[in-house]
Amino acid sequence: ARDKSQFVKEFLGRKAVFDALDTVPVKRVVDQRIPALKLGEKWMPVGSSNNGPYEYAAILDTKGEYRGIIPTFKLNPGEVIDENDVITFTDAAPDTISIQEAIEMMLHNGHSWIPISDEAGRFKGLVTFEACAGMMGS
């Protein structure tokens, strides 16, 4: 069994790291590799798999603003992206939030990622728990 004081030191150390993430901008961990498709465009898979490591694609309006996601396995090559196919369950967060705020939003929404948009509302990518956890270890 671990010494109680050692447990407290480790717990407080992790909390200090988490608290420090309130000063780190979420822009540092945005993953821009997710496929992004505009409504009305045709789905054209790239490479041997539909979307690489992603099961979903971000759906954007004609201005590039985030509208939702769509499971890529449901799309056929050449199929036009329709509003009715889009799943909307969370709004994009601004890229001005901190990593700590992003983690809190993921926990609140019950998702392991959140979409991020710039100040003009254009989709920039996703932030995941995994990327945020990586910052806690650095």
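Colleague: In which strand is the place of Ser 117?
Modeller: This is a predicted model, and in it Ser 117 touches Tyr 66, Ala 92, Ala 93, Pro 94, Asp 95, Arg 122, Phe 123 and Lys 124, once residues up to four places away in sequence are not counted. The place of Ser 117 itself is within residues 113-117, which form strand β5.

Colleague: Is Ser 117 buried or exposed, and at what relative accessible area?
Modeller: Buried means a relative accessible area under 20%. Ser 117 falls under that cut-off and is therefore buried, its relative accessible area being 7%.

Colleague: Where is Gly 64, and what separation do the C-alpha atoms of Gly 64 and Ser 117 have?
Modeller: Gly 64 has its place in the loop between β2 (56-60) and β3 (66-71). Along the chain, Gly 64 and Ser 117 are 53 residues apart, and their C-alpha atoms are separated by 9.4 Å.

Colleague: Which residues is Gly 64 in contact with, leaving aside its neighbours within four places in sequence?
Modeller: Gly 64 is buried, because its relative accessible area of 10% lies under the 20% cut-off. Leaving aside neighbours within four places in sequence, the residues in contact with Gly 64 are Lys 38, Gly 121, Arg 122 and Phe 123.

Colleague: What phi does Gly 64 take in the hairpin of β2 and β3?
Modeller: The strands β2 and β3 run antiparallel and are joined by 5 bridges, and one of the residue pairs is Tyr 56 with its bridge partner Pro 71 in β3. The hairpin has 5 residues between the strands, and there Gly 64 takes a positive phi near 90°.

Colleague: How many residues of β3 are buried?
Modeller: β3 covers residues 66-71 and is described as mostly covered. Of its 6 residues, the number buried is 5.

Colleague: Which element gives the most to the largest nonpolar core?
Modeller: That core has 16 residues, of which Ile 99, Ile 114 and Val 127 touch the most other members. At least two residues each are supplied by α2 (99-109), β5 and α3 (129-136). The element that gives the most, with 4 residues, is α2.

Definitions and conventions:
Residues are numbered from 1 along each chain as its sequence is written. This is a predicted model: local features need pLDDT of at least 70, side-chain atom pairs count only at pLDDT 80 or more; totals for chains, interfaces and linings use all residues. Side-chain values use heavy atoms; hydrogens and water are left out. Buried means under 20% relative accessible area, exposed over 50%, partly exposed in between (1.4 Å probe, protein chains only). Contact means heavy atoms within 4.5 Å. A nonpolar core is a set of buried Ala, Val, Leu, Ile, Met, Phe, Trp, Tyr and Cys residues joined through side-chain atoms within 4.5 Å. Two strands pair if DSSP finds at least two bridges between them.
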